There are 2 protein chains.
Amino acid sequence: MEKTEVAIVGLGTVGSGVARLLLDHGDRTARHAGRTLWLSHVVVRDLSRERDAQLPDGLLTDDLQRVIADPNVKVVAQLIGGIEPARSIMLQLLAGGKDIVTANKALLAEHGPELFDRARQLGRSIAFEASVAGGIPIITNISQCLSANQVTSLRGILNGTSNFVVTRMQQNNQPYEKSLHRAQQLGFAEADPTQDVDGSDSAQKLAILAHLGFGARVRWNEIPRRGIDTLDKTDMNYAGQLGYRIKLIAFALNTDQGLQLTVTPMLVEVGKPLAEVRENFNAISVVGDAVGPVFFHGQGAGRMPTASAVVADMIDTAVGRTALTFKTLELWSEGVPRVEMADPGDLRGQFYLRFNVRDEPGVLGQLAGLLGDEEISIASVFQHTADNEDDGVVPVVIMTRASLERNVNKAVAEIEKLSCVFAGTERLRILD
Amino acid sequence: MEKTEVAIVGLGTVGSGVARLLLDHGDRTARHAGRTLWLSHVVVRDLSRERDAQLPDGLLTDDLQRVIADPNVKVVAQLIGGIEPARSIMLQLLAGGKDIVTANKALLAEHGPELFDRARQLGRSIAFEASVAGGIPIITNISQCLSANQVTSLRGILNGTSNFVVTRMQQNNQPYEKSLHRAQQLGFAEADPTQDVDGSDSAQKLAILAHLGFGARVRWNEIPRRGIDTLDKTDMNYAGQLGYRIKLIAFALNTDQGLQLTVTPMLVEVGKPLAEVRENFNAISVVGDAVGPVFFHGQGAGRMPTASAVVADMIDTAVGRTALTFKTLELWSEGVPRVEMADPGDLRGQFYLRFNVRDEPGVLGQLAGLLGDEEISIASVFQHTADNEDDGVVPVVIMTRASLERNVNKAVAEIEKLSCVFAGTERLRILD
């Protein structure tokens, strides 16, 4: 049987999972690839570190040049996180004639154009299924399986840490900090979870999907984003009473005014598939103009789910499919953008608004009046009892009908100027 | 830009959708394929028939030889249903050097080995994404995206007609015939829906997925199957009261005793993704040993969802991906089977049993005794009120704990011999 030699750079969580699939299940990859994927080198920074992965003798090295100089190695899984030295290593590997498989979405989101242009110049390929949604094969599904469609919208839960935390906050009625701490204890959140909980990680993934699905040329940090780190469990409760769950949603919608992109916590109606995504799972709902809605659900992170995506990419690359797909991807190419970004203010939708108001007559009339001035219709109003009866502050929750985000922002700014309204207004979109 | 000439054989519902995508959205397919997919011929049986599809002059023909004799045509979407003349046409097209795309699962399930062997001999390919679950790209996901996994189980709702009917029966409390009639009015069931409602269609699709996911070499009509055509809405109600919905499930599970395959209505707990699949939608839950559970949901039939899958296959074939995948598929090859079929009696699971018994003391004790003799533990018992108080017949619903199917069958046979038990026992598996 034909043999393709491969290498792994980085033997962390994902790297050791990839090594396990290649070493322990070689028969399986051979069957699906029609050839043996032969692991020739595993590059690590520190040879002396203890590892759980059992590797055959002679495989482990701390010398990247051994991989680059080995002409038999065709495919390299580059599994080092962060920007540097990951970027330099990828450029060296490409220059050395290797096809790359990676899970590093931060690097792609930050340096995609440079890396992809370089790969194209050199006639090489970069596969990156594992960079978005871990085990859910959303990259192949959008770029290959749904290629007869214009994608019209995309709604995803792309960050397992955030979803674990909001699931805990809502189910167990626990505050943000405590839920995050629990996620860290269970290994669903890193020691420094900033990029996960502030929406950056989701925005990086959404940028990749927006390039693929809509031909957008947006940089991840241009996407308006808000994370879950500012959510109050009070709003989880109020939303729950109204039949909604709050989820961190990566949102893309093709409109006449351009492409709307945002990452933000939204209210999702119970019973809708995205509302039922629990704990650390990920999910994506894609609408194509031919296929209609297609929904994907699975594990968005973790050793073996991510390794599953990496090894599938290695097989695709060894077989030759990736080269064919990469040629037509147009990803991060310098061509003219196919879609313009829309002004976020133009987005229409329903909103959940919570104002902290003084418990006195006439307040609701003032709120309703200012909303009406901006053509915002009210679907329902709930005046809750005060958390603390002494301070005379009561939360008022208003669910609006479909309104322009710009108008909602204006109305909220006016309402916050009222002397009967205290600080701490919450404003969340409702997913339609 | 490079050009690949393609043809369509059969201009029914799916064929006209495919023509629309190719003719109206040529820019899109060109972008995703890196080449123009140029529609050169559309073959129909009867040129005089009225059609909704507007085709450019000169495209339509009733002469298949025009396609076969045209050396420029590389890819043919063969969209005629049924066995003959579809089979002969496919063999002629393959002999004429064409790569084939098809949605005809009945033909593949019946004559897959012959057609695939012929394609392999001739160095051609057959793509068949549209043959299972319509717009859900389950074929590519199992054969390519999850190729690093051993699939361990698969649970699918693969027949939109059946799912529409059971959704109606349960939601609207309507009997089978009325629900089926409504499905026919709305275009979700054909005039002769036999193959859909008796489980044959689901078994044909399951056979294809079992070949792909497990390396099974089973024929579709060897799969134990029961359809929805014998379901009573009474059981829908009782199941609903217990927190379950009844769904037609195509089920595959890899066990130590071999591969369990079955198509049968099962109770699915409300809240589980498969329980929430409504109307004519399809869904599949696949578990891989690396990726864990992955869930797919979308439209399993209809003009544009199916056309979406066909055109994606046409792009894959034109680009060259299909040829690479087809080589390693092992599908319907004459090799040694990788998995043995298990004895259905060896399957362990919980059961819903409904007995019609005489309303008299001591009956429950006899039922419980006979179940106990076969080592079947009872999880709960519900004695319902009689539908008709005069005849003295009351339904007793028993939910068992996990038991061997063989034992359940034996116990039910013994119970049905009791003089206090009337005809019409129902026995349904509970999906775990």
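This is a predicted model: local features need pLDDT of at least 70, side-chain atom pairs count only at pLDDT 80 or more; totals for chains, interfaces and linings use all residues.
Local features need pLDDT of at least 70 and side-chain atom pairs count only at pLDDT 80 or more, while totals for chains, interfaces and linings use all residues. Residues are numbered from 1 along each chain as its sequence is written, chains are lettered from A in the order in which they are written, and side-chain values use heavy atoms, with hydrogens and water left out.

Q: Which residue of chain A forms a salt bridge with Arg28(B)?
A: A salt bridge is a side-chain nitrogen of Lys or Arg within 4 Å of a carboxyl oxygen of Asp or Glu, and the rule finds 2 of them across the interface of chain A and chain B. For Arg28(B), the closest N and O atoms are 2.7 Å apart, and the partner is Asp289(A).

Q: Which residue of chain B is the bridge partner of His297(A)?
A: Strands here are DSSP runs (E, at least two residues) and helices are runs of H or I with at least four residues, both numbered from the N terminus; two strands pair if DSSP finds at least two bridges between them. S11(A) and strand S11 (residues 292-299) of chain B meet this with 3 bridges in the antiparallel sense. Within S11(B), the partner of His297(A) is Phe295(B).

Q: Which strands stand at the edges of the open sheet of 6 strands in chain B?
A: The order of this sheet is S3-S2-S1-S4-S5-S6, with parallel pairing. Two of these strands have a single partner strand each, so one side of each is left without a neighbour in the sheet. They are strand S3 (60-61) and strand S6 (126-127) of chain B.

Q: Is Asn280(B) buried or exposed?
A: Asn280(B) is found in the loop between strand S9 (258-269) and strand S10 (281-288) of chain B. Not counting residues up to four places away in sequence, Asn280(B) touches Gly160(B), Phe164(B), Phe188(B), Gln299(B) and Gly300(B). Buried means under 20% relative accessible area, exposed over 50% and partly exposed in between (1.4 Å probe, protein chains only); because its relative accessible area is 16%, Asn280(B) is buried.

Q: How many residues apart in sequence are the parts that Arg245(A) and Glu276(A) tie together?
A: These two residues form a salt bridge, with the closest N and O atoms 3.2 Å apart. Arg245(A) lies in strand S8 (residues 244-255) of chain A, whereas Glu276(A) lies in the loop between strand S9 (258-269) and strand S10 (281-288) of chain A, so the parts tied together are apart in sequence by 31 residues.

Q: Which residue meets Asp201(B) in a salt bridge?
A: Asp201(B) is buried, with a relative accessible area of 4%. The salt bridge, at 3.0 Å from N to O, links helix H10 (residues 200-214) of chain B with helix H5 (residues 105-122) of chain B, its two residues being 96 apart. The partner in H5 is Lys105(B).

Definitions and conventions: Contact means heavy atoms within 4.5 Å.
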